[in-house]
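Student: I have a model open and want to learn how to read it. Where do we start?

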Amino acid sequence: MITWVKNVKIGVKMTGGFLLIALMAAAIGLFGIASLNRVGTSYHVAYSDCVSISEYVERLSTSFQKMRSDLFEMTLADSEADKKSAAEAFAQNSAILWDNLGHYDRLLDKYPAELVESDRAVLGAIKTSLQAFEQSGQHFADGIALDGARREEAFHMLRGGGELYALAQEVEGAITRLMEYNHVYAAGEIEANSQLVDRVKVMTGIGVGIGTLVAVLLGLWIARGVSRRIGLVVRAAEQLAHGNLDVRLEIDAKDETGTLAQTFQDMSNNWKAIIGDISHQLDGMSKGDFTVGSRAQALYVGDYAPILE
């Protein structure tokens, strides 16, 4: 693998390095975008659902207080028509209350059962206590509330110590627990989202740090490889300039630096062969043999050709 990388052209290495860095940057960006989308979605769900739940709970509380007020109006009313009107209002407010309980139930349906188990338990407590209050309230409306002679007994049931009062306290207590639970849940969601934002910041910072480190190391590796091989060619050229023709460049790369080194090696070998061939001819001439010829005519090409003429 390392040998293959060495043989890749320098331009391809640099392009590959830039592409790798670009891919890392894209991955970090996509991670950041996905995480921010998750945070945004979580905030939207938490906000919209918490607002809806707050509205439902507020209507539950308001409707229940109206139901209690309707029972007092029934007790205070003197005419049959007024008592009937209060009874109808009691039934209407009860319907509104149960309708909001139904909305709350349906909102919880989109969540996994284990996540809304506590919500279901509190809602169940409200329904149970509300049913007991309604049954007692209906019995109250059909009997005691209609009898003006039993008005004191009716007030006693509605005030502290009375049966309806005790049942009303149970319902209000359950509604209060539901409010408190939702406040705690909303605060928990906000905290969880804040922690998620912090994790995104940390992961993005780590990703940027790793990307920067990879970019620096990759640049240094490419630069070092090119610089080392160019340095070998420069030192070989210095030796050649000082008359040392026994230059040996051992660079196995097939990129531009490898081609440069091989070309320089071929040039050095050609010079050495030509100088050796000229020395051979001069030696023959010095011994009176003017017919001695070249043993390496193939090397005398280009500007070297006139040497043999």
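Tutor: Start with one residue and its neighbours. Leaving aside residues up to four places away in sequence, Ser63 touches Asn93, Ile96 and Leu97. Keep in mind that this is a predicted model.

Student: Where does Ser63 sit, and is Ser63 buried or exposed?

Tutor: Ser63 is in helix H2. Its relative accessibility is 5%, so Ser63 counts as buried; the cut-off is under 20%.

Student: Which residue would show me the exposed case?

Tutor: Take His183, in helix H6. Its relative accessible area is 57%, so His183 is exposed, the cut-off being over 50%. Now look along the chain. His183 and Ser54 are 129 residues apart in sequence, and their C-alpha atoms are separated by 9.1 Å.

Student: Let me zoom out. How many helices and strands does the protein chain have?

Tutor: The count is 7 helices and 0 strands. Read from the N terminus, the order is α-α-α-α-α-α-α. The chain has 309 residues, and 33% of them count as buried.

Student: What share of the contacts links residues 24 or more positions apart?

Tutor: Such pairs make up 70% of the contacts with a separation of 6 or more.

Student: How do I check a helix against its expected length?

Tutor: H6 has 79 residues, which should span 117 Å at 1.5 Å a residue. The end C-alpha atoms of H6 are 116 Å apart, which agrees. H4 has 26 residues and reaches 37 Å, close to the expected 38 Å.

Student: What happens just after H6?

Tutor: There Gly243 takes a positive phi of about 90°.

Student: How do I read a packed pair of helices?

Tutor: For H3 and H4, the axes come within 12 Å and cross at roughly 165°. An angle over 145 degrees counts as roughly antiparallel, so H3 and H4 are roughly antiparallel to each other. The crossing of H3 past H4 is left-handed. On the H3 side, the contact includes Phe90, Ser94, Leu97 and Trp98. On the H4 side, it includes Leu123, Ile126, Leu130 and Phe133.

Student: At what angle do H4 and H6 cross?

Tutor: Roughly 160°, with the axes coming within 9 Å. H4 and H6 are therefore roughly antiparallel to each other. H4 passes H6 in a left-handed crossing.

Student: And how do the axes of H6 and H7 cross?

Tutor: They cross at roughly 15° and come within 10 Å. That makes H6 roughly parallel to H7, since the angle is under 35 degrees. This crossing is left-handed too. Among the H6 residues that meet H7 are Val226, Ile230, Val233 and Ala237. Their H7 counterparts include Leu260, Ala261, Phe264 and Trp271.

Student: How should I read the buried side of a helix?

Tutor: An α-helix has 3.6 residues a turn, so residues three or four places apart point the same way. In H4, the buried residues include Asp119, Val122, Leu123, Ile126, Ser129, Leu130 and Phe133. Further on, Gly137, Phe140 and Ala141 are among them as well.

Student: Which residues have the most contacts inside the largest nonpolar core?

Tutor: They are Phe64, Leu71, Tyr104, Phe133, Phe140 and Leu178, in a core of 36 residues. Helices H2, H3, H4, H5 and H6 each give two or more residues to this core. The largest share, 8 residues, comes from H2.

Student: What does Phe133 touch?

Tutor: Its contacts include Phe64, Met67, Leu71, Phe90, Leu164 and Val171, not counting residues up to four places away in sequence.

Technical notes:
Residues are numbered from 1 along each chain as its sequence is written. This is a predicted model: local features need pLDDT of at least 70, side-chain atom pairs count only at pLDDT 80 or more; totals for chains, interfaces and linings use all residues. Side-chain values use heavy atoms; hydrogens and water are left out. A nonpolar core is a set of buried Ala, Val, Leu, Ile, Met, Phe, Trp, Tyr and Cys residues joined through side-chain atoms within 4.5 Å. Buried means under 20% relative accessible area, exposed over 50%, partly exposed in between (1.4 Å probe, protein chains only). Helices (H or I, at least four residues) and strands (E, at least two) are DSSP runs, numbered from the N terminus. Contact means heavy atoms within 4.5 Å. The expected span of a helix is 1.5 Å times one less than its number of residues. Axes are lines fitted to C-alpha atoms, for helices over the stretch in contact, and angles run from 0 to 180 degrees between N-to-C directions. Angles under 35 degrees count as roughly parallel, over 145 as roughly antiparallel, 65 to 115 as roughly perpendicular and the rest as oblique. A crossing is left-handed if the near helix is turned anticlockwise from the far one by less than a right angle, and right-handed if clockwise.
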